[in-house]
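Dear colleague,

Please find the structure below, followed by some notes on what was found in it.

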Amino acid sequence: MAEDRRRRFVPPPALCGFLLLLVLIFTASYAVGRVAGPVAPGMRDSRTDPGSDAPADGGGDGGTGGGGMGGMHGGGH
């Protein structure tokens, strides 16, 4: 009877294999990201001054009309 209970709580081998594969993929991608380093060294949020919470440029989006996305002038209008 006790052996029947243990069998009910054992996940199927396919599920265990899938979870192991997920762990391996995430571990490998994390390791590659650590080796590659930051995408743009020295990159920081340009919207705020590092010493305060106020916007560095006085606010606004620079007048681009694209919500702060500099290269998005007009948008096909």
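Accessible areas here come from the Shrake-Rupley method with a 1.4 Å probe, and for residues only the protein chains shown count as cover. On that basis the accessible surface of the chain comes to about 7,000 Å², of which carbon and sulfur atoms hold 64%.

This is a predicted model, in which local features need pLDDT of at least 70, side-chain atom pairs count only at pLDDT 80 or more, and totals for chains, interfaces and linings use all residues. Residues are numbered from 1 along each chain as its sequence is written, and side-chain values use heavy atoms, with hydrogens and water left out.

The chain has two helices and zero strands (DSSP runs, numbered from the N terminus: H or I of at least four residues for helices, E of at least two for strands). Just after helix 2, Gly37 adopts a positive phi of about 80 degrees.

Of the 77 residues in the chain, 1% are buried (under 20% relative accessible area, with exposed over 50% and partly exposed in between). Phe18, in helix 2, is partly exposed at 46%.

Best regards

How values were computed. Buried < 20%, exposed > 50% of the residue type's maximum accessible area, 1.4 Å probe, protein only.
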